[in-house]
Amino acid sequence: MADGSGGAQRLAMTGIAKRYGAVRAIRHADIEVAAGSVHALVGENGAGKSTLIKILSGAVTADSGAIAFDGEPVQITGTTDAIGLGIATVYQEPALFAELSVSENIFLGRELRNGPTIDWAAQHAKVVELLDLLGVPVRDATAPVGSLSIAEQQQVSIAKALAGEAKLLILDEPSAILTDSEIDVLFGVIRRLKEAGVAIIYISHRLDELFRIADEVTVMRDGATVGTFPMAGLSVREIAELMVGGILNEERPARTVPDAPPRLELRSLGLAGRFHDVDLAVRPGEIVGLYGLVGSGVAEIAHTVYGIEPATSGEIRVGGTAVRPTSPRHAQRLGIALLPADRKRQGMFAFQPISFNISIGHLGLLSRFAVWVDRARERRVATELIERLAVRTPSERQPIGALSGGNSQKVVLARQLVRRPDVLVLAEPTQGVDVGAKEEIHRIIDGLAAEGTAVLVVTSDLPEALRIADRLLVVRGGTTIAEFGRDASQVDVLAAAAGAGDEAVSA
């Protein structure tokens, strides 16, 4: 465990460059991090921040540049070098073994021993000490990690890093999969580590949260560092503009929603134990937002519309006809498409090419004589959608797992557009993507609505909901309780979602 050092320089990376073949991942990067500080690192997907972290953690080696640690020049040629220096990385999704206990995960490969045997008592006592330092309630160190929540697993990952005497902790998108209350716990842990003298590099697409936890921020763009700035002198908008290299236009073009019968209707829709009496309507060419806090039931509503969890009460109507989707394939035949929130587990085959990821689910449409897939047609469809959605990739043969978050999200969306749906349900459409990709996805959604698709956006990102939706419905306690127009304020919507008033609200 690091001792406090009064803000002395812990890390200095200067003139870092890295090339992968013809691709220059980093042209010139500089970053300095003080002990006992939280240093944010931001940039659009593809800006070079991930490569910089890989260099620092020893996963790849820089082509040029210098690294100093605690004032001494060092060489980091592998993960062993980084670990030896006290550099530890905790990724968004905890890299733990679910079957092993908390204690076994934390000390895996560096077990505390009493002679030839593991000293379990000493190891458990150390676990309790580490979790106490993090402010985590002491639990049974023998509990399987698989029995813990994602937030608790993340805390175990941090404890594992500290067990290795971490002096520099890299947190890569740590809040992306956490609830608001879990983020509060995470920030409490970070503050305790900061007080103990640990230097922390914090990477996040959620720019607003940086002001709660970071002391300064380094911005990267196009493989180079734009600069390092104190958080106190910046705003979210200024950081975003530094990331994209220009002025962001926050004004959305005026849209006219056709006066037509609803394309999608939910009438007193319910799923036993999850939600009940949900009412909404979406017209062709309209974008309706569905917003709720974690646990409100809003995510489950999207699943039911798509047939993942069939409704137990009420009805769904598409084009005026009552339907009851019993599976995603059935929903697709009814003209309903879904962009899932968890694109990695539910929406993509990481090692398969883009063309495969776009065509899967449409093999009947792309088959020749209903026997084999017409590969030429598959490539042609993929290429057209890549161009339409501005996916940045060398070709349709690129594995989707090699793309940035924003580009992989666009590929998953492209699959829903092989055959234009009547109804498109978008669950957390820009979760985990940078500000530039978010703008592009919003543009795509606007374009789909303009073509006559009825769009339902299910999101926990309130600013996004207010910006993109023509109307916004709020879900609380498993049912729709309020509706807002385009002139609604964040304060009013959040108050309704949090239960500031018991009566239904309309604005």
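A polar contact is a pair of N or O atoms within 3.5 Å; within protein, one atom must be able to donate a hydrogen and the other to accept it, and residues adjacent in sequence count only if both atoms are side-chain atoms. The model is predicted, so local features need pLDDT of at least 70 and side-chain atom pairs count only at pLDDT 80 or more, while totals for chains, interfaces and linings use all residues. Residues are numbered from 1 along each chain as its sequence is written, and side-chain values use heavy atoms, with hydrogens and water left out.

The side chains of T459 and E464 are joined by a polar contact of 3.3 Å. T459 lies in strand 22 (residues 454-459); strands (E, at least two residues) and helices (H or I, at least four) are DSSP runs, numbered from the N terminus. T459 counts as buried because its relative accessibility is 1%, and buried means under 20% relative accessible area with a 1.4 Å probe, protein chains only.

The table lists contacts (heavy atoms within 4.5 Å), not counting residues up to four places away in sequence.

| Residue | Residues touched |
|---|---|
| T459 | L290, Y291, G292, E428, E464, A465 |
| I106 | V127, L130, V156, A159, K160, A163 |

A nonpolar core is a set of buried Ala, Val, Leu, Ile, Met, Phe, Trp, Tyr and Cys residues joined through side-chain atoms within 4.5 Å. The largest has 47 residues, of which I106, I158, L169, I190 and Y202 touch the most other members. Helix 5 (residues 150-163) gives the most to this core, with seven residues.

How values were computed
Buried means under 20% relative accessible area, exposed over 50%, partly exposed in between (1.4 Å probe, protein chains only).
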